[in-house]
Amino acid sequence: MFSSHGVLFVVFAVLSLSLVVCEEDVVVSRNILILVENVWIKETHSQFLKSLTDRGYVTTVSTADDPNLSLTKYGEYNYGHLVILAPSASEFGGKLNVREIVDFLDYGGNVVAVANSEVGEAIRELGSECGIEFDEENTHVIDHHNYDVNDDGTHTNIVVSPENLINSSVITGDANRHPFLYRGVGISSDPNNPLLINVLHASRTSYSYNLLKKMTDYPNVVGTNTQLIVALQARNNARALFIGSLDFLSDKFFATSVESTLTGEK
């Protein structure tokens, strides 16, 4: 069984912090702008999107290249949160850019950015601004020991033990007993940055590499240093969450029964 509960709790922990404290602006703090790679994301990730509205958030879904994109209107923020489900975006449409998103964080807004193995320049730059780095384009997290029984032979559908999840009920909720299914890019975080929180990491047998290349160089991220989810808790209490797998939040992964070929863990 795949632990969708644990995944969603982490996301909601990020979004639960209101953008503003003024009573008159409480409505704004419930508004989420969701940027999608394409219109099909609304179908492939419908459960995740529905979970946001079920929690009382008011969502606006736009494609990442929408020419009318803006976080503000008349100089005021329209949203308390930004969720980016557009991993390969090289840039955003309208008035939105990485600098604007960083300013949004500085103001107190919360951001969830989701990547995959085709990391676009926009997401990569945003990560860098927050102290994390996604591995090179077209790389995958690979684990020849901990992969799902339904893996296609590339060992990129990795099974992540719940023991690899940070031990913090504030971030992850109640104890999680089910493994995670992950397919995506590896993340490295600065161990000297006290604002970064490594939420979920891969196993010691994992590494990140391009499947189409012969391995001639040492991988950029290896073992438990391969981060899968990293959070930033800014000094102003704004939060940013980086997830290296778009599939991680998909309906398909939520519905998948997970079983490790090595341990039989379900």
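Q: What does buried mean, and what do exposed and partly exposed mean?
A: Buried means under 20% relative accessible area, exposed means over 50%, and partly exposed is in between (1.4 Å probe, protein chains only).

Q: What kind of model is this?
A: This is a predicted model: local features need pLDDT of at least 70, side-chain atom pairs count only at pLDDT 80 or more, and totals for chains, interfaces and linings use all residues. Residues are numbered from 1 along each chain as its sequence is written, and side-chain values use heavy atoms, leaving out hydrogens and water.

Q: OK, how many helices and strands in the chain?
A: Eight helices and 15 strands. These are DSSP runs numbered from the N terminus: helices are H or I with at least four residues, strands are E with at least two.

Q: And how much of the chain counts as buried?
A: 54% of its 266 residues.

Q: What about Y77, buried or exposed?
A: Y77 is buried, with a relative accessible area of 17%. Y107 is partly exposed, at 44%.

Q: How are the rings of Y77 and Y107 placed?
A: First the rule: rings of Phe, Tyr and Trp (its six-membered ring) pair if their centres lie within 6.5 Å; planes under 30 degrees apart count as stacked, over 60 as edge-to-face, and the rest as tilted. That gives five aromatic pairs. The ring centres of Y77 and Y107 are 4.8 Å apart and their planes are at 45°, so this pair is tilted. The two residues sit 30 apart in the chain: Y77 in strand β4 (residues 76-77) and Y107 in helix α5 (residues 98-107). Ring pairs also bring in F104, giving a cluster of Y77, F104 and Y107.

Q: What about the rings of F134 and F242?
A: Their centres are 6.3 Å apart and their planes at 70°, so the pair is edge-to-face. F134 lies in strand β7 (residues 132-134) and F242 in strand β15 (residues 239-243), 108 residues apart. Both are buried.

Q: Which residue lies over the face of Y57?
A: R30, at 4.2 Å from the ring centre. The rule for a charge over a ring: NZ of Lys or CZ of Arg within 6 Å of the ring centre and within 35 degrees of the ring normal.

Q: New topic. Why is strand β14 largely enclosed?
A: Six of the seven residues of β14 (residues 227-233) are buried, so the rest of the structure largely encloses this strand.

Q: Which strands pair with β14?
A: Strand β12 (residues 196-201) pairs with β14 in the antiparallel sense, over five bridges. β15 and β14 are also antiparallel, over five bridges. Pairing needs at least two DSSP bridges between two strands. H201 has Q227 of β14 as its bridge partner, and Q233 stands opposite R239 in β15. The β14-β15 hairpin has five residues between its strands, and N237 there takes a positive phi near 75°.

Q: How many residues in the largest nonpolar core?
A: It has 37 residues, and L35, L82, I84, F92, V111, L126 and F134 have the most contacts inside it. Such a core is a set of buried Ala, Val, Leu, Ile, Met, Phe, Trp, Tyr and Cys residues joined through side-chain atoms within 4.5 Å. The largest share, five residues, comes from α5.

Q: What is I84 in contact with?
A: Leaving aside neighbours within four places in sequence, its contacts include L35, F92, I101, V111 and L126. Contact means heavy atoms within 4.5 Å.
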